[in-house]
Amino acid sequence: MTLRYVDGTGPGNNAYNGLAPNFDGVNGPKATLTAMEALPVVAGDLIHVRPTSYRETLTVGVSGISGSPIEYRGDYQGLIWPGNAAVCRITGSDNDQAAARANVILASAKNYRTFTGFELDTATSNPVSLLASCTDWIIQKCVLLPSVSTFVNVVGASQARVTVQNCAFLTSANTYGIQFTHTSAVDNAAHLIQNCLFLSGSRGINSVRVGGSTIKNCLFRGINGAAVRVETALTVGQTITVNNCIFEAVGTGLQATVAGEIVEDYNNLFGNQT
């Protein structure tokens, strides 16, 4: 594993090699996530990111491998840069008033990637867009703030094992939290959403022909549509499992297209319209 560093607060420089948190005359941090990715990073790399606002789209260009993912980790606790505990933000806005970019993290057919400890916000489309069958992603300890469309959008016939955990989705009125979708049926995707907060928005988690996901230990509150929705029918026998969740003051707690698509237990539903 190689430790790498990004510092967008000023001391970082894209001419540096990214191999130290502070420039020591030989090694020093990159200034942008894009420059770090373009090294390129390799399987097993852990990239520490100093808190500040990164106004860019990180287009993921490299896959990790099983047992050696590539992780970007926001240093929001100030462990790498002591005294600098703060929000580590990737944003699609150049002025904190309007969105200028469609995505903040964009990947196509890239696997074994992990993002930890970021605020992701203000995209014209999807802050996190995983296209063309990305697999084995982990998005954790992140806060996703209002954008125009779906916050985490996963597309593709071979999509599999996307984990979203310990995240908060603070969506706006017409947005979705997470969507798994494809134009034809995807079976046994094994996606996992756990320990997350879905607050407001149109839908919490939406599935379009993608079966085999598990949702557990989540709170859905104030969503005006369906908190968990199978929008288009799954393959017969495929299910979405929902356990140990709280649904409060939402339009519809759980909505399938036919009986049996959603398997649920140990959930608490109260104050919902349906």
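The following exercises, each with a worked solution, concern a predicted model of a protein.

Residues are numbered from 1 along each chain as its sequence is written, and side-chain values use heavy atoms, with hydrogens and water left out. Because the model is predicted, local features need pLDDT of at least 70 and side-chain atom pairs count only at pLDDT 80 or more, while totals for chains, interfaces and linings use all residues.

**Exercise 1. Overall form**

Task: Determine whether the radius of gyration of the protein agrees with or departs from that of a compact globule.

Solution: 
- Step 1. The protein contains 1 helix and 27 strands (DSSP runs numbered from the N terminus: helices are H or I with at least four residues, strands are E with at least two).
- Step 2. The globule rule is 2.2 Å times the number of residues to the power 0.38, and the radius is taken over C-alpha atoms.
- Step 3. For 274 residues a compact globule would have a radius near 19 Å; the protein has 19 Å, so the value agrees.
- Step 4. The C-alpha trace spans about 65 × 35 × 30 Å along its principal axes.

**Exercise 2. Burial, contacts and surface**

Task: State what percentage of the residues count as buried, and what percentage of the exposed area carbon and sulfur atoms supply.

Solution: 
- Step 1. Of the 274 residues, 51% count as buried (buried is under 20% relative accessible area, exposed over 50%, partly exposed in between, with a 1.4 Å probe and protein chains only).
- Step 2. Among contacts (heavy atoms within 4.5 Å) with a separation of 6 or more, residues 24 or more positions apart account for 63%.

**Exercise 3. The surroundings of C88**

Task: Find where C88 lies and which residues C88 touches.

Solution: 
- Step 1. C88 belongs to the loop between β5 (70–74) and β6 (89–91).
- Step 2. Its relative accessible area is 1%, so C88 is buried.
- Step 3. Leaving aside residues up to four places away in sequence, its contacts include V49, P51, Y54, G117 and F118.
- Step 4. L131 is 43 residues from C88 along the chain, and their C-alpha atoms are separated by 24 Å.

**Exercise 4. Backbone geometry**

Task: Identify which residues are joined by a cis peptide bond, and give the phi of N166 and of N217.

Solution: 
- Step 1. L39 and P40 are joined by a cis peptide bond, with omega about 5 degrees; P40 lies in the loop between α1 (33–37) and β2 (46–49).
- Step 2. N166 is not a glycine, yet has a positive phi of about 55 degrees. N166 is partly exposed, at 38% relative accessible area.
- Step 3. N217, also not a glycine, has a positive phi of about 55 degrees. N217 sits in the loop between β20 (214–216) and β21 (219–221) and is partly exposed, at 34%.

Technical notes
Areas by Shrake-Rupley, 256 points an atom, 1.4 Å probe, with all protein chains shown as cover.
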